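Biologist: Before I look at the coordinates with you, I would like to learn how the features of such a structure are read, one at a time.

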Amino acid sequence: MNPQPAMAHEPVTPTSGTPLSPSFGNRMFAALGSPFVPPIFITLILLVGNLSYGILESYWKTLLAIATSVLAEMMLGRIFLRKWPHPASAYITGISVGILLRSPAFWPYALCSLLSITSKYALRFRGRHIWNPSNFGICAMLFLAAQSVASLSIQWGNNFGSLAVIWVLGSVILWRARRFHISLTYVASFIALSFLRSWVTGDPWQSEISPITGPMYQLFIFFMITDPKTTVRSRTGQCIVAFSIAFAELLLRLDSCVFAPLYALFWVGPAALFIEMFIDSRRARNAVPSAFANPQIVRS
Amino acid sequence: MTLSTPAPAPARTGVAARVLVTIFFGAQLATPWLVRRFSPAAQAPTATVDRQTALNRYGFYLEEVAHASGVDFVHQPPLLDQKLAAIMPEVTSMGAAVSIVDFDRDGWPDIYVTNSAIGSKNHLYRNNHDGSFTDVAEQMGIADVNQSGTGVSMGAVWGDFDNDGYDDLYLIKWGRPELFHNDQGHGFTRATEQAGLPPWINANTAVWFDYDGDGKLDLFVGGYYPESLDLWHLPNTRVMPESFEYAKNGGRKYLFHNLGKGHFEEVSAKVGIDSHRWALAAAAADLRGTGHPDLFIANDYGVSELYLNDGKHFREAGGETGIGFAPKSGMNASFGDIFNQGKFDIYVSNISEEGVLIQGNNLWVPQDGSSLKYDNLARDLGVELGGWSFGAQFGDLNNDGNLDLYLENGYISLDRKRSYWYDFAKVAGGNSSIIGDAVNWPAFNGRSLSGYQQKHLWLNDGAGKFNDVAQAVGVTDTYDGRSVVLADLWNRGVLDVVAANQGGPLLIYRNTVSGDKDWIEFALEGTKSNRSAIGATLTLFWGRKQQVQTVSGGNGFASENDRRVHFGLGKNPSLEKLVIRWPSGFIQTLNDLVPNRLYNVKEPS
């Protein structure tokens, strides 16, 4: 799903600026910022979901998605970068495809992983890939292979306990990575807009809140919308984008779109990046005189 | 160390590599189209062809003759407590059911069909032997069974529980279950109280079978809604499943052990059947060759269950056999030996809606080896996607020696242009506190939910593939199909099709098969075994083929086929023998069989 999970992308630094004491609690707290946390966390989601409720169609399909994703990353990375990329982000993409994609067949899992990884190399603008890879892969499959696939749109189970563990753990990790505000903005926006949808449609507000209690949103909130490679850089901008995704989702939901959040991110994510790049280029042009004074700016 | 993938460096990559990755990416995007283009579904004929062409090409065609046969039955759905008014179409989406019985033992199959509105009447169509039927339910005393305060019919299964030679009726209901004794084909008498049945069960499935081999038919009943609910007088709206895939708040299961003289004892807990999943279909057969019938249950909102029977106790083995791993929306349980290898495969129907939910139907095929393990080969064989599927039956419709598969489907057909799917998916994904309460579900407001679907009739080519020929051979209806049965209605050596539709007409598809194919049929009567011979397995050997079938006391969805067993034989068959394993354990071999005959076989005493 997320080639560069938010929690792992940035250096681990205490957000408060206070040095960490060597206590066990703080060591644990610091460890939550480790680059190994995202793959461990998503593996935990997978294991909790499957051991509790058997969420996977089969282990083989998930393994196929992971293997395809990692192999594609290795091959394309070798060709384009002339070195072997770290497999962790591809592992996360594969495992996300394995959880989020639902199909009785095997081939969609391989193809979705392949599309996700290849999109990073094929769909680029000014040196950046512009879609969250797994979001692109899953949306592409839903657009193109609707007869064979669906996304995870049903609940894992009835137990709030496992749901709470994932929410709390995910929130702590995101907070350590200084990305919690993105998820918080999105969740707050979703809930507020749920009441708006309920008012517009006349449907019970519980039915509008219902989707966010499902497993798709856990992955969506913790892994997709926080992806640093495909989100804007400024904190304010990130919050605006998170709200925009929720708002686009509102419009899609009013049009009875079943996979509204995925499609909302599919459209809003790249649009936000284009806007950011446009603003950056304007700033760069305006900064040309000073660049002559400081050539390093031009190179950066 | 960082997890981030270093940004690709276009400057260092050649133009050739960029072109290659673009082509590679384009090929990936084109793959779904190619898969769709060459899938079996894409190659299925979509237009009806003339009958001669159908005969030449597929070896048979079907003609809908219900009205011409004097059958003008239209199912009336139930109307439950008004607290559920907003989603009434969903909670009242079942009840149309059909079963075959020769209630008067005249050698001609009769048809019993259920109705589900309070005050509506069930019909028993007696076969007039001339292509027509006459409804005699009223005079037989099994018509007015949906009275206010007693619930409504959901299906019927027939079995001779007192071994007097005449099949008795168990009426599956949301409400007071009913057992009717068949009085020598002249009428029916209520035997419910004497049998000791509970006052209320909200069930959609039941199966007659002799689980302990004592020669008396026992009865399994699978609850759907909890039995504590009177669906017409609900205390509140918390009646929905707690989960779309893991619900265990449905009705309990019952196993009524036949004590003789019309008395039954409920023994489910004693023998190891303890489940509160939402059962929709069940069937029993000796899946392991142990001589004891095993019990398969297809559950809505969850995994299927397989109860292995040692003659005294059952052990749930869904997980270890592979059929109880992925939770879906099970709505059918049918057995068929589709590879002609002497083993039962199991077909379970589920939900598939393009772009929303692709569960896929399951075709469980046993692996080779001593332990019972199943693989789902529905996709490989082309019988996976059937829409919102319900009842299905295996049967050799063109008498070519291979079992074909007929599938009913279509959930709620209201406004063609407006769908409830978005709202359904929205709530179905929620926590139990939301999904479990009907008040949280958006109102239906006349919308459809997987409605107006075309039926599937998959023809087994004998080489590992099924091809959908429904449209081509004349199955063109798009009613909300529920229950389907196969029977040689007019004793011609071919299987006809009878389909019950929710809120729609009962359909009778008369089958015409090309004359160059042979067949053979067997009507069994037990002596030491239960007289209906339910549970007997028949293995026919001809040419290089062998095919096993079982005498069933209820299968598919809320239905029961003709208990006479039909085998298609293909052209110029060389019949070898029939091996019957009677429920008593006695094994009988019949040699010197001649094709194109119905054999009446009585168990040697």
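Modeller: Let us begin with strand pairing: two strands pair if DSSP finds at least two bridges between them, and the strands themselves (E, at least two residues), like the helices (H or I, at least four residues), are DSSP runs numbered from the N terminus. In chain B, B:Gln393 stands opposite B:Tyr406 in S25(B). Strand S24 (residues 389-395) and strand S25 (residues 404-409) of chain B run antiparallel and are joined by 5 bridges. This is a predicted model, in which local features need pLDDT of at least 70 and side-chain atom pairs count only at pLDDT 80 or more, while totals for chains, interfaces and linings use all residues. Residues are numbered from 1 along each chain as its sequence is written, with chains lettered from A and ligands numbered from 1 in the order in which they are written.

Biologist: How many residues of S24(B) are buried?

Modeller: A residue is buried if 20 or more other C-beta atoms, placed from the backbone, lie within 10 Å of its own, exposed if 12 or fewer do, and partly exposed in between. By that rule 7 of the 7 residues of S24(B) are buried, and the strand is mostly covered. For chain A, buried residues make up 51% of its 300 residues.

Biologist: In what order do the strands of the open sheet in chain B lie?

Modeller: The order is S35-S34-S37-S38, with antiparallel pairing. Strand S35 (545-550) and strand S38 (587-590) are the edge strands, each pairing on one side only. Between strand S34 (residues 537-542) and strand S37 (residues 575-581) of chain B there are 6 bridges, and B:Leu538 has B:Ile580 in S37(B) as its bridge partner.

Biologist: At what angle do helices H6 and H7 of chain A pack?

Modeller: Axes are lines fitted to C-alpha atoms, for helices over the stretch in contact, and angles run from 0 to 180 degrees between N-to-C directions. Helix H6 (residues 107-122) and helix H7 (residues 133-144) of chain A pack at about 130 degrees, with their axes 8 Å apart. H6(A) is therefore oblique to H7(A), since angles under 35 degrees count as roughly parallel, over 145 as roughly antiparallel, 65 to 115 as roughly perpendicular and the rest as oblique.

Biologist: Which residues of H6(A) and H7(A) meet?

Modeller: Two residues are in contact if their C-beta atoms, placed from the backbone, lie within 7 Å. Those that meet include A:Leu115 and A:Ile117 in H6(A), and A:Phe136 and A:Met141 in H7(A).
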